[in-house]
Amino acid sequence: MKDKDDYLFSPVSRTSRVINRFRRLPNRVRQLILRRRILSAILFVVLCFTLVANSGVRLLPRLPWTSSKFVIILAVNQGGGVMEWKGPTEWAVERTSIANKKAYADRHGYQLAIQDMSIKKRYAHEWRESWEKVDVIRQTMKQYPKAEWFWWLDLHTYIMEPSISLEKQVFNRLENNTYRSLEDYNPLRLPVEIPFVDNTHQINLIVPQDCGGFNLGSFLIRRSEWTDFLLDIWWDPVFYEQRHMQWEHKEQDALEHMYSDQGWLRSGTAFIPQRLINAFPEGACSEQQGDKRIFYNQEERDFVVNMAGCEWGRDCYGEMEHFRKLSASLQKKSWWWPFK
Amino acid sequence: MHFSIPSRSADQTTLPGSPSFKAKSRASSHHAVYPLYIFTQLRSVIRDALTSAQNVTAPEKKRQSARRTLSMWAIAVFAAVTVFLTIMYVLFANIATSDSAGPRVVLVLGLDNGKYKEDYLAKIIENRREYADAHKYGLYVRNMSDFKGSVHDAAKLGWYKLPLMRSAMQDNPGSTYFWYLDQNAIIMNPNLNIESHITDVKRLNSLVLRDVPVVPPDSTIRTYRHVPADRMKFIISQDHEGFQTGSFILKNGEYAWYVLDAWFDKLYQEYKFQKAEKSSLEHLAQWHPTVLSKMAIIPQRIFNAYPNGVGDSLYQDGDFVASLAGCDTPERSCVREFERLWDNRGRVVN
């Protein structure tokens, strides 16, 4: 019987030679891989890596001791039930909001810091009332020493699109997503140009502007030396003494004042279009009905809704339920989704 | 067909160049334990590399030399890529490079040309220029009236120095230290070098006054005890009343811009502090630890001595600077005091 391996001078026909070559292809491939084991192992790893990385699946498992670069600060228990009674609807709103942020943080590996904003004696009237935000941010920065960005969220917010990560929404194209100049959108009519502003400075504070000024219901702040200075100078007794009667929104107004006056602050602050992280429902900013920059747009699937001011005359519970149901229905995928 | 471990001298049942030869030698050792295979392979490679390939047949030798050249090429390519990437990184990565153009120290001088005569101001400029040229420092001279628009109350002259310093820093981004010295002061001993006299870390460490009240004689807030001198970015002195802002040094950077802008805030200017910008700085130092933690308070005689002072602030021969602070009151005369000191000043010794 002729040796099957001995095909160097095979006398078979051309057709059968071609067929044989195809039949032997898996053999040749196997030989090649066996010969270059290490190289093929490396190639295999690289191939797997590219496939997995592009599919969006998490590459490394999220270990319990790894810490994320992002921390979500959720301000709950506003007032602590001291000035107003906290009824079942308030509790329900709080539960919904916390569950929403928790699910989001778990999904993307962010850390969630739920901070209590009950009224404390040291914030009694005439003494830095409502500047707790600043102290809470400082405290949270101490608690999460490895995190870089902190996302402050008020209680009456809802993340409508939990599949969008912060990196995708804001940080991957930070320079494109934010603007530094007040030329185009200046609802407060702050001075557009002040001296000694450095526009190439690192962005350390990302704030949305709503119809009435800066909105600190949903903003991002980075850990840095600049931020330490800001958190220190934000409350000052001289500023407070002169202006606290006029500053209705407390630290928000203080920030607006410092932004209009101090150049170093402008250098590190950038604005983000409101609808990226802080869209309003129809009830808020009601004088500006139809302004496309402010209100939540269902077709464009805006990221976060901030039901700002719902406790002044609107129905927080109703709005929160509405947005929760809306988000759930938007996230439901139809059977033809994979083929879209 | 049974497989056996091939030996070099075994008789070949197949032709040497055929694919089955290779297949056989590989396939047979497939049965061996994998690590053992690697070990034997390595050993043979090393042996071949060390000894001459005498007992190796010609095609083996050609294959081995081909493999060797291939591996050499691979290593060469890898090394070249590494070197190239390192060069690219070094050249183009965003490593903070200081703008090396510019003097290390800049003297900042603001002239009040509304109240004083040209020749008086010219003498002051000459004094500063002599000092700056001797030590290769920069000199930044502006008229105080340039900043009239940004100050809230044009009559309070103390506030003008803040936007002046800020614009000095903006115009000299490559410089590190900015020394503001009041117009009504003379550098009496220009042989002293700012770095060795004040800002060198060891020297500064020896000068810093620790645990002294920020507002003498007995404010509650005192200076820090353990902050190391290399973190200090704001060097200033105190007289018997409080901060003496006629002479201070700021290190260019984030902290300096923050302090100068916060200090100059409109609400502070409007507040009607008792001593204008001096009280404002005292307020900042007491209420904001981010300001105080980088402040170094040094003895007044180091760079702000008073010729008519009392005790520690009294100017003595050989002191660096004589300051005529407060001379624009009716009882004193800046020009007369200046003339007296001007003739006695030290000159640069080369």
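These legends describe close-up views of a predicted model.

**View 1. Disulfide C211(A)–C285(A) in chain A.** The sulfur atoms of C211(A) and C285(A) are 1.6 Å apart. The torsion about this S-S bond is about -90°, so the disulfide is left-handed. C211(A) sits in the loop between β5 (205-210) and β6 (213-214) of chain A, and C285(A) in the loop between α12 (274-277) and β9 (304-306), so the bond ties together parts 74 residues apart in sequence. C211(A) and C285(A) are both buried.

**View 2. Disulfide C310(A)–C316(A) in chain A.** Here the S to S distance is 2.0 Å. A torsion of about 95° makes the C310(A)–C316(A) disulfide right-handed. C310(A) is buried, at 0% relative accessibility. C316(A) is also buried, at 13%. With the bonded cysteines of chain A numbered in sequence order, the pairing reads 1-2, 3-4.

**View 3. Disulfide C327(B)–C334(B) in chain B.** The two sulfur atoms lie 1.8 Å apart. The torsion about the S-S bond of C327(B) and C334(B) is about 90°, so this disulfide is right-handed. C327(B) and C334(B) are both buried. Over all chains, the count is three disulfides.

**View 4. Surroundings of N184(B).** N184(B) lies in the loop between β3 (177-181) and β4 (185-187) of chain B. At 11% relative accessibility, N184(B) is buried. Its side chain makes polar contacts with the side chains of Y116(B), at 3.2 Å, and Q183(B), at 3.1 Å. Residues touched by N184(B) include Y120(B), S323(B), L324(B) and A325(B). Among them too are C327(B) and C334(B), the cysteines of the chain B disulfide.

Conventions: Residues numbered from 1 in each chain as written. Chains lettered and ligands numbered in written order. Predicted model: local features only at pLDDT ≥ 70, side-chain atom pairs only at ≥ 80, totals over all residues. Heavy atoms only, no water. Helix = DSSP H or I, 4+ residues; strand = E, 2+ residues; numbered from the N terminus. Buried < 20%, exposed > 50% of the residue type's maximum accessible area, 1.4 Å probe, protein only. Polar contact = N/O pair within 3.5 Å; in protein donor to acceptor, adjacent residues only side chain to side chain. Contact = heavy atoms within 4.5 Å. Disulfide = S-S within 2.5 Å. Lists of a residue's contacts leave out its neighbours within four places in sequence.
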